[in-house]
Amino acid sequence: FLTRGIEGIEKTCDDVLSGVTGWRQTELAPKIGELREYRNMDIAPRSGLNVILTLDSGLQSIVEEELLAGVETSKPKSATVILVRPQTGEILAMASYPNYDPNQPVSATLDNGAGKNRAIMDQFEPGSTFKIVSISSALSEGTSRLTDVVHCNHGQYTNGKWRLSDDHGYGDLSVLEVFAKSSNIGTYKIIKKVGQERFFQYIMGFGFGQKTGVQLPGELAGKVHHVDDWRDVTMSRVAIGYTISVTPLQITMAMAAIANGGRLMQPMIIDRIEYPDGKVMSHYDPHMVRQVMTPESTKAITKAMTQVVGNKGTARRAKLDDYTVAGKTGTARKIVNGRYTHTKHLASFVGFL
C-alpha cells in the first residue's frame with residue numbers, strides 16, 4: 001500500500017529515489033569505436049537515495065495477518081488498521097483491505113477500492129469513538145469529573161424539538177459509567193456544560209477538519225462544520241460522533257494524544273533519507289502540533305477507557321492478560337438512500353496499552 005500510485009511513499013519521494021542517469025558526449029569512428037580524446041562530457045550515473053520508513057516490519061507483518069483474519073471473521077467491505085507510537089507520532093504499521101499486488105497494479109481497480117490507502121482517504125462518521133473527544137473536553141475544562149452523576153432519562157431524551165436515545169434505558173450514571181457504557185444521552189448532557197464554542201475549539205485542537213500532515217499524498221481532511229453553522233440539534237449529534245467526518249488516521253492520532261499526556265503529535269512515516277553508502281542525508285524529528293488537554297485530564301479519561309475494556313464495558317474482547325488496555329468502541333450507522341439504516345454499520349475500536 002505504501003508504493004501505490006498517487007497515495008504512496010514512492011510518489012512522495014520519487015525525486016530522491018530515482019537517482020540520475022549517466023550520459024556521455026563523445027565521437028565514434030567506423031571500425032574503431034569511441035575516440036576517447038574527443039570525449040567532451042562524461043557524467044557518471046548516480047544511484048537513488050534510500051528512504052527509511054518508521055514502519056516496523058515485524059509489526060507490519062502481524063497487522064497484515066490479523067487484518068486478514070478479522071476480514072475472514074467479520075466479512076467487511078473494507079477495513080483499516082493503524083499502529084503508532086504516541087510519544088513521537090511514528091507510524092509503526094498501517095494496512096488496508098482490500099489490498100492488491102503492487103507487482104500487478106492493474107488489479108487495483110476503482111470498483112473495489114483496492115488502490116486506496118483507507119487510513120488517510122476514508123472519511124466516515126466515527127460514532128462513539130468520538131466520545132473520547134467529548135468527555136476529554138469536559139474533563140479538561142473542569143465542567144465534569146468522573147464521579148459526577150448524570151441522569152440518562154432511561155434511554156429517551158427530548159427537548160421538544162429533537163430526540164436522542166440509548167440502546168439501554170440507563171438512569172443515573174457517573175461520568176465514568178457514561179463513558180464505559182457509551183450513553184449518548186449522558187455524553188450530550190456532559191458536553192452541554194462545556195458549551196458549543198469551547199467544544200468546537202477542542203475538536204479543532206485534536207486535529208479534526210484538517211490534514212494531519214503525514215508524509216503521504218492523497219490525504220483528506222475530513223469534515224467539521226464551523227460552530228457558526230451549528231443548529232440547536234448539532235452539538236448533540238457531534239458529541240456522539242455524527243454530523244462530522246474523520247479519517248482513521250485522525251482518530252488514531254487523537255487517541256495517541258491522550259496516551260501522550262495531551263500532546264498531539266504530527267504522524268511520521270519517513271524516519272530518514274540515506275545515501276547509498278548509509279550516510280544520513282536528512283533525519284525527520286518528531287513534531288508536537290499542540291497541547292490539546294491537561295495531563296491531569298488525560299489520566300482521568302484513561303481511567304474511564306480502562307473500564308471500556310473491563311468486564312462490564314463495550315470492548316471486553318480487547319482485554320489482555322499482560323497489559324492494561326484503554327480504549328473506546330464505535331458503531332456508527334451508515335446512510336442508505338439519504339437515511340440512517342439499522343442494518344449497515346461502520347464498527348471501530350481505538351485504544352492504547
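Predicted model: local features only at pLDDT ≥ 70, side-chain atom pairs only at ≥ 80, totals over all residues.
Q: Hi! Which side chain does Asp122 meet in a salt bridge with a 2.9 Å N to O distance?
A: That's Lys116. A salt bridge here is a side-chain nitrogen of Lys or Arg within 4 Å of a carboxyl oxygen of Asp or Glu. Residues are numbered from 1 along each chain as its sequence is written, and side-chain values use heavy atoms, with hydrogens and water left out.

Q: Which residues are linked with Asp122 in a network of salt bridges?
A: Lys116 and Arg118 are linked with Asp122 in that network. The side chains of Arg118 and Asp122 meet at 3.1 Å, N to O.

Q: Is Asp122 buried or exposed?
A: Asp122 is buried, at 14% relative accessibility. Buried means under 20% relative accessible area, exposed means over 50%, and partly exposed is in between (1.4 Å probe, protein chains only). Arg118 is buried too, at 9%, while Lys116 is partly exposed at 26%.

Q: How many salt bridges does the structure hold?
A: Eight. Among them is the pair Arg198 and Glu141, whose closest N and O atoms are 2.7 Å apart. Arg198 lies in helix H8 (residues 196-205) and Glu141 in helix H5 (residues 131-141), so this pair ties together parts 57 residues apart in sequence. Helices (H or I, at least four residues) and strands (E, at least two) are DSSP runs, numbered from the N terminus.

Q: New topic: how much space lies in the second largest pocket?
A: About 860 Å³. Of the 31 residues lining this pocket, the closest to its centre are Ser128, Ser165, Asp167, Asn184 and Thr331. A pocket is an open set of points on a 1 Å grid over the protein atoms alone, where a 1.4 Å probe fits, with protein on both sides within 12 Å along at least five of seven lines; lining residues have an atom within 4 Å of a point. The volume is the space filled by probe spheres set on the points, which are joined across faces, edges and corners.

Q: Which strand gives the most to that lining?
A: S16, with five residues. Strand S16 spans 326-336.

Q: And how many disulfides are there?
A: Zero, counting a disulfide as a pair of cysteine sulfur atoms within 2.5 Å. As for cysteines, Cys13 is buried at 5% relative accessible area, and Cys152 is buried at 0%.
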